[in-house]
Amino acid sequence: MADLKQPLPPASAPATGPGGLPTVGQRMWQQQAHDLLAQLNGILSNNVFDWPVLKENGNEVLTVANIGTGAGKVVAFDGAAKYPAADGSQITGIAQSGRLIAGTPLVLNPYALSSSTSQAHGLGVAPAHISTVWECLSADLNYSVGDKVLGPVGQSVTLVVLFDATNLTLVTDNANTAFVNKTSFAFAAITASRWKITLTPYKLT
């Protein structure tokens with residue numbers, strides 16, 4: 001590439017001094033132009049941004065050298081008006097409230113009658129919400145493997161969920177719960193071994 005360090009004459013150069021020598025103002029302009037072109041040459045050849053600090057009325061002015069996602073940089077929108085990719089964990093000082101944080105779920109796989117199952121949920125406080133999801137393990141009542149049903153369901157409650165600041169406990173009775181048949185829409189008892197149940201506790205922050 002061409003050497004950009006050679007100073008160029010100004011579009012409207014000041015008059016020369018005695019003997020055709022450059023005036024003080026012209027020499028200053030040439031030095032400034034030389035320095036600027038040297039910076040540009042370094043950028044184009046080495047892709048190194050090392051701009052001097054620019055100031056206006058004694059205050060530092062933001063330049064492209066200050067923009068980026070690294071330490072000491074200012075994040076700016078890109079040409080598509082989007083923020084550049086960055087690690088969200090670097091964002092601090094934002095109040096976080098009203099979020100549900102999941103604890104360790106209790107899983108009974110397969111579902112079993114007349115049982116009591118406990119699980120330490122790890123939330124440190126009593127859960128504010130517990131979701132119950134049944135998952136079909138083997139075709140039953142026209143449900144397919146992998147179908148999920150939000151529970152508890154049935155004509156009568158056949159399970160009890162206990163919880164405190166440490167544990168989640170599922171107690172089941174000796175009768176199968178009943179689901180609505182997926183295609184006939186009639187209530188019928190499930191086959192326990194064909195289902196699993198997952199209870200996921202959440203705390204509110």
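Three salt bridges turn up in the structure, which is a predicted model. One of them pairs Lys196 with Glu135, at 3.7 Å from N to O. Lys196 sits in strand E12 (residues 195-204) and Glu135 in strand E6 (residues 129-136), so this contact ties together parts that are 61 residues apart in sequence.

Another salt bridge brings Arg194 to Asp140, with 3.8 Å between the closest N and O atoms. This pair, too, links distant parts of the chain: Arg194 belongs to the loop between strand E11 (187-189) and E12, while Asp140 belongs to the loop between E6 and strand E7 (148-151), 54 residues apart.

Lys182 is partly exposed, at 38% relative accessibility.

Turning to the strands, E8 and E9 make a hairpin with three residues between them; they run antiparallel and are joined by five bridges. Strand E5 (residues 116-120) also runs antiparallel to E9, again with five bridges. Leu168 in E9 is the bridge partner of Phe163 and also stands opposite Gln119.

Thr166 is in the loop between strand E8 (159-163) and strand E9 (167-172) and is partly exposed, with a relative accessible area of 47%. Beyond its sequence neighbours within four places, Thr166 touches Gln119, Ala120, His121 and Gly122. Gly122 is 44 residues away along the chain, yet the two C-alpha atoms are separated by 6.5 Å.

Conventions: Residues numbered from 1 in each chain as written. Predicted model: local features only at pLDDT ≥ 70, side-chain atom pairs only at ≥ 80, totals over all residues. Heavy atoms only, no water. Helix = DSSP H or I, 4+ residues; strand = E, 2+ residues; numbered from the N terminus. Buried < 20%, exposed > 50% of the residue type's maximum accessible area, 1.4 Å probe, protein only. Contact = heavy atoms within 4.5 Å. Pairing = 2+ DSSP bridges. Salt bridge = Lys/Arg side-chain N within 4 Å of Asp/Glu carboxyl O.
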